[in-house]
Amino acid sequence: MISDKIKDILNEQINKEFYSAYLYLSMSAYFAEMGLYGFSNWTKIQSQEEIDHGLILFEYVIDRKSQVKLCPIDAPIFDMKSPVEIFEQIYAHERSITSAIDCVAQMSEGECDLATRNFVDLYLKEQIEEEASVSKIISKLKIFGDEKASLYLLDRELSKRKYTQHSY
Ligand code: OFO
């Protein structure tokens, strides 16, 4: 059993993960509208991974004999601008998710809930990887610019991303 404080913060995190899935899916649609199908693929796969993150938390709350509370998911908001500006928004979003996960880790330590503290390591590690991969894409976009030829090459690279299910 987990404390009410931990239950609430984990339920909030479930909502944040599904919001992230919505955000990436709306970005995927925008990139497809722009004809950038590789960018669209990358963000759609990211959306699928975010659903996995939400489901892993969902299962964890159930496994700990606590209550899942699903709240409304906000409509996704982002500025429909150039690819580099969108990836900068993605980076800022992931930084905010990292802070939210840090709060879960800190609270579970405060509550002496070592099982949740250990569980959350999966998310802390994932955030390092996500921030790094987004930051590499931003660097490439900044180095090569938004010119059509370089955008085409990066789009081709991002089209190769494949989905692999996340589990724990
Ligand atoms: Fe974007 O990562 Fe989930 O937690």
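**Exposed cysteines in a helical chain**

At 66% relative accessibility, Cys-112 counts as exposed; here buried means under 20% relative accessible area, exposed over 50%, and partly exposed in between, with a 1.4 Å probe and protein chains only. The model is predicted, so local features need pLDDT of at least 70 and side-chain atom pairs count only at pLDDT 80 or more, while totals for chains, interfaces and linings use all residues. Residues are numbered from 1 along each chain as its sequence is written, and side-chain values use heavy atoms, with hydrogens and water left out.

A search of the whole structure finds zero disulfides, a disulfide being a pair of cysteine sulfur atoms within 2.5 Å. Cys-103 is in no disulfide, and the nearest cysteine sulfur, that of Cys-71, is 18 Å away. With a relative accessible area of 40%, Cys-103 is partly exposed. Cys-112 is likewise in no disulfide; its nearest cysteine sulfur belongs to Cys-103, 18 Å away.

The protein chain as a whole has six helices and zero strands, where helices (H or I, at least four residues) and strands (E, at least two) are DSSP runs numbered from the N terminus. Its radius of gyration is 17 Å, close to the 15 Å that the globule rule gives for 168 residues, so the chain is as compact as a globular protein of that length. That radius is taken over C-alpha atoms, and the rule is 2.2 Å times the number of residues to the power 0.38. Along its principal axes, the C-alpha trace spans about 55 × 25 × 25 Å. Of the 168 residues, 47% count as buried.
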